[in-house]
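Subject: Structure handover

Hello,

I am passing this structure on to you. Please open it alongside this note, and then read through what was found.

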Amino acid sequence: STLNSQDGRIKANAAIVPAGTNGQISVFATDTTNVIVDVNGYFAPVSGSTLAFYALPPCRVADTRYSTYPEGLGPPSLTGGQQRAFPILNATATCNIPPSGVAAYSLNLTVVPHGSLGFLTVWPTGQARPTVSTLNDVLGKVIANAAIVVAGTSGNVSVYPTSDTDLIIDINGYFAAAGMGGLSLYSVTPCRVIDTRHVGGGQPFVGALNPPVDVVNSQCGVSTLAQAYAFNATVVPVAGLGYLTLWPDGIDQPLVSTLNAQDGLITNNMAIVPAGTLGKVDAYASGLTQLILDISSYFAP
């Protein structure tokens with residue numbers, strides 16, 4: 001599944017989708033719906049003009065609720081109808097982002113609305129605001145969506161909300177010119193790596209998932225050379241789920257979130273997660289939930 005909308009609300013989800021016949025993609029919906037597809041980039045064979053991906057341990061770049069973040073990445077909260085530029089490169093020291101040469105960021109954006117939020121748009125600073133949306137939140141819940149965003153003027157990205165909201169920005173990698181450590185994208189047939197409903201006794205979990213998700217030895221045929229995975233993460237909570245975090249096995253759990261499901265409904269988000277020890281990935285849920293991870297591609301040398 002790419003996204004779920006049990007209550008029929010407008011929802012968005014990022015997705016990296018391999019190009020099919022004549023460059024087309026197919027869409028299947030279980031019920032009648034309109035669909036909007038926005039594009040922010042594409043992957044092509046390596047050439048002198050292509051970029052490489054550099055995976056980072058998941059890291060919190062900005063949080064407008066707290067003043068402990070570098071200049072421009074903390075308060076105040078966002079005002080509806082007004083755009084704001086976020087100087088992502090001010091987090092170079094805290095999140096290991098290089099101070100120059102970054103062409104685009106792989107981000108996870110979480111809104112903490114002050115009421116109903118129609119939509120949020122993110123784009124490179126210095127360009128006109130595009131007619132796209134990054135996420136939608138009509139009910140005003142804490143929700144997240146992944147986004148690959150081109151770096152704008154001075155490496156900044158601009159954000160526009162239709163209503164007042166706080167914003168959290170996490171980073172898991174960036175795109176830059178090919179060099180040492182740079183990775184390429186390799187697509188796979190979309191495949192279910194894990195569904196905890198069908199593991200062991202099929203019981204939901206809370207806290208850290210044990211054992212970690214073994215991506216390499218799953219049924220999906222992922223290369224042992226993979227250094228980051230492009231997942232679609234889906235939770236099936238028992239009740240309200242504060243947050244789910246995915247991160248590479250072998251490091252401490254980072255202060256980031258992958259998705260939120262306060263209303264207890266099935267919720268999805270794309271997650272680019274660096275590969276951990278032996279290619280494994282850790283998961284932490286703040287409430288009882290099932291977890292489904294589908295993979296569409298991976299990054300490797």
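One definition to start: a residue is buried under 20% relative accessible area, exposed over 50%, and partly exposed in between, with a 1.4 Å probe and protein chains only. This is a predicted model, in which local features need pLDDT of at least 70, side-chain atom pairs count only at pLDDT 80 or more, and totals for chains, interfaces and linings use all residues. Residues are numbered from 1 along each chain as its sequence is written, and side-chain values use heavy atoms, with hydrogens and water left out.

**Positive phi**

Leu278 is not a glycine, yet its phi is positive, at about 55°. It lies in the loop between β15 (267-274) and β16 (280-300). Strands here are DSSP runs (E, at least two residues), numbered from the N terminus. Leu278 counts as exposed because its relative accessible area is 69%.

Ser154 also has a positive phi without being a glycine; the value is about 60°. Look for Ser154 in the loop between β6 (143-150) and β7 (157-161). Its relative accessibility is 61%, so Ser154 is exposed.

**Cis peptide bonds**

Pro75 and Pro76 are joined by a cis peptide bond, with omega about 5°. Pro76 sits in the loop between β1 and β2 (84-86). Asn210 and Pro211 are also joined by a cis peptide bond, with omega about 0°. Pro211 belongs to the loop between β10 (205-208) and β11 (213-214).

**The sheet**

Four strands make an open sheet, ordered β1-β8-β3-β6, with antiparallel pairing. Its edge strands, β1 and β6, each pair on one side only. From one strand to the next, the twist averages 20°. Two strands pair if DSSP finds at least two bridges between them. Strand β3 (residues 102-113) and β6 run antiparallel and are joined by eight bridges. Leu107 stands opposite Ala147 in β6.

**A surface patch**

Which residues form a nonpolar patch on the surface? They are Val17, Ile25, Val27, Val35 and Val37, with about 470 Å² of accessible area together. Patch residues have over 30% relative accessible area and no salt bridge, and nonpolar side chains are joined within 5 Å. A salt bridge is a side-chain nitrogen of Lys or Arg within 4 Å of a carboxyl oxygen of Asp or Glu. Areas come from the Shrake-Rupley method with a 1.4 Å probe. Val17 is in the segment before β1 (51-63). Val17 counts as partly exposed because its relative accessibility is 48%.

Best wishes

Note on methods: Patches are made of residues with over 30% relative accessible area and no salt bridge: like charges are joined within 9 Å, nonpolar side chains (Val, Leu, Ile, Met, Phe, Trp, Tyr) within 5 Å. Axes are lines fitted to C-alpha atoms, for helices over the stretch in contact, and angles run from 0 to 180 degrees between N-to-C directions.
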